Amino acid sequence: MLENSKLTVTYIANGTEKTASESNADFTVKTSLKSGVYDLFITPSVPITVKRIALTADRTFSEGETFFGNGFQSWTDTKEYSAADTKRDLGTVGKDVSKFQFWQRLMGINGSSFFKKGTPSPMGPVFVNAGDYSFARYEKRKGFFHSLSYTYLRRGDDYTLIGSLNERNGYTVIYADMKANTLTFEKDIEGVTLSGEYHVFSLLTVDGGYDHVFDQYFGKLGAKLRAKRLLKGYTSWYNYYQGISEEIILRDLDALTREAPEINTFQIDDGYQTAVGDWLSIDAKKFPNGMKKIADAIHAKGLKAGLWVAPLGAQIGSKVLTSHPDWFIKGADGKPLVMGPNWTKFCGLNFYLPEVRAHIRHFFDVILNEWGYDLVKLDFLYAAGAVPLDGKSRAECMFDAMD
C-alpha cells in the first residue's frame, strides 16, 4: 500500500511558495520497505521551509470496516469510526457558556466569576490548544476521520495496524477518507526548515489479531513494562476535587490504612497550593502545617507519598504569571498564550528559557528532597507542545520538555 503512495510537499524555497511532488521539486526522495516498515527521507537541494507534507495511499475500505481514531491527548476522542460516522470538532463546547459552566462545576473548578451576563463565550479560543484543533483537519462529512501517531483498521477480529516509529521530529496525523478510499499521512512540521537529509516517515504496517498487531508495534518502539510493583492507592481528586485540607487528608490516611492495608501509595491532588503554578505557596487555611508534615504522616503509615503538579502551567492571577509574564509562551499578540480553560484559564511556561528551567528544577527539588514526596503526578504536560517554538515542531517541543 505505502510503496505506491504519492508524496506532496508545500514549502517555501528562496522566498517562493511551491507545491511539488517528487518529479518537480527542490528535493530528492529516498524510500525503503523492510520487514513491514516503510521509511521515507527527503533531501533538499536548497533550504526549504515546510508548510505541509503529505503521503497519500489508495486503500479500499471494505463493508463494515472501522477506522480507529487515536486522540491527541486524554481529553480528546479516541474511538472506532465507521464510514457512516462523522468526527466531532469543538462544536457547542466552544460556543455554549452554560454547558461549559456545568462542566466546570462537575470538575470542581471555580469559574463562577469568569463569565459576565451577556458577554460572548471565549471558549473556542481557550479550548483550541487543549487538543489538535489548531493543526489537524476536522471536516464535518461522513467517513472522514483522523488519528494521531497510529491507527488500526478492523474487519471483525482481523486488524491492520499502521503506526509511526519516529514521532520525535513531528506528530504523524493519519487521515482516512472512507468515501474516497484513501489514507493520508501528514507530518506536523509546519514552519520547520530542512537543509539536509530528513527522515519524514517511518511507518510500520502489520496484520493479525489485536494482541499480535500491538505486540509488534510496541516491540518496534522498544516499549517495555516499567513497573514490577503495581501502585495501589489513593488520590484525593475524585472525592474532593480542590476541596481538600489537612484535616481531610489525615482523616482519610488514617481510615484507609486501617480499612485497606493492601494500599501502598497515597497521593494528594490539586487544591493544596494558593494557585496553579505557585507550587511552593501553600494555602495556610487548608494546610496550616505545610506539606512536609503530610508527607511525614504518609511515610509513618508505611506508604509512598505522592503530590499532584502541573509543572508547565500557571493560572491567570498566579504569582508566577503576574510576576514573570516573559517566562510564558506568547501568542501572536505578544501576550501569554492561553492553553486551556481550567482554573479560569491557564498559560504555559516556555521551558526553553534558562530561568524557567531553573524555576522548575527548584520547585521539584523542594517537593522531592525537602518535603520528601516519593512521586509526582504530572498533569497538563501538553502545554509544552501545544504550539511550535523556535523553529521546532510541536512534537520536538514536547520531547524536549519530557527529556
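A residue counts as exposed when its relative accessible area is over 50%. The legends below describe close-up views of a predicted model.

**View 1. Lys335 in the loop between helix H7 and strand S19.** Helix H7 spans 319-323, and Lys335 lies in the loop between this helix and S19. Its relative accessible area is 54%, so Lys335 is classed as exposed. Not counting residues up to four places away in sequence, Lys335 touches Ile329 and Lys330. Cys347 is 12 residues from Lys335 in sequence, and the C-alpha to C-alpha separation of the two is 10.0 Å.

**View 2. The open sheet of three strands, S18-S20-S19.** Pairing in this sheet is antiparallel. The edges are strand S18 (313-315) and strand S19 (338-340); each has a single partner strand, so one side of each is left without a neighbour in the sheet. Direction ignored, neighbouring strands are turned by 50° against each other on average. S18 is joined to strand S20 (residues 346-348) by three bridges, and the two run antiparallel. Within this part of the sheet, Ala314 stands opposite Cys347 of S20.

**View 3. Ser323 in helix H7.** Ser323 has a relative accessible area of 49% and is therefore partly exposed.

**View 4. The open sheet of seven strands, S3-S4-S14-S10-S9-S6-S7.** Here too the pairing is antiparallel. Strand S3 (27-34) and strand S7 (79-81) are the edge strands, and each pairs on one side only. From one strand to the next, the twist averages 20°. Strand S4 (residues 37-44) and strand S14 (residues 198-208) run antiparallel and are joined by six bridges. Asp39 stands opposite Ser202 in S14. Helix H3 (residues 210-221) packs on this sheet, where H3 touches S4, strand S9 (150-155), strand S10 (158-164) and S14. The direction of H3 makes about 150° with that of S14.

**View 5. Packing of helix H5 against helix H6.** Helix H5 covers residues 246-259 and helix H6 covers residues 290-300. The two pack at an angle of about 5°, with their axes 11 Å apart. Angles under 35 degrees count as roughly parallel, and H5 is therefore roughly parallel to H6. H5 contributes Glu246, Ile249, Leu250 and Leu253 to the contact, and H6 contributes Lys293, Ile294, Ala297 and Ile298. By class, the contact of H5 with H6 has six nonpolar and two charged residues, with no polar residues.

View 6. Ser236 has 0% relative accessibility and so counts as buried. Its side chain reaches the backbone nitrogen of Asp269 at 2.8 Å. Leaving aside neighbours within four places in sequence, Ser236 is in contact with Tyr241, Ile244, Ile249, Gln267, Ile268 and Asp269. Of these, Ile249 is also one of the H5 residues that make the contact with H6.

Technical notes: Residues are numbered from 1 along each chain as its sequence is written. This is a predicted model: local features need pLDDT of at least 70, side-chain atom pairs count only at pLDDT 80 or more; totals for chains, interfaces and linings use all residues. Side-chain values use heavy atoms; hydrogens and water are left out. Two strands pair if DSSP finds at least two bridges between them. Helices (H or I, at least four residues) and strands (E, at least two) are DSSP runs, numbered from the N terminus. Axes are lines fitted to C-alpha atoms, for helices over the stretch in contact, and angles run from 0 to 180 degrees between N-to-C directions. Angles under 35 degrees count as roughly parallel, over 145 as roughly antiparallel, 65 to 115 as roughly perpendicular and the rest as oblique. Contact means heavy atoms within 4.5 Å. Ala, Val, Leu, Ile, Met, Phe, Trp, Tyr, Cys and Pro count as nonpolar, Asp, Glu, Lys and Arg as charged, and the others, Gly among them, as polar. Buried means under 20% relative accessible area, exposed over 50%, partly exposed in between (1.4 Å probe, protein chains only). A polar contact is a pair of N or O atoms within 3.5 Å; within protein, one must be able to donate a hydrogen and the other to accept it, and residues adjacent in sequence count only if both atoms are side-chain atoms.
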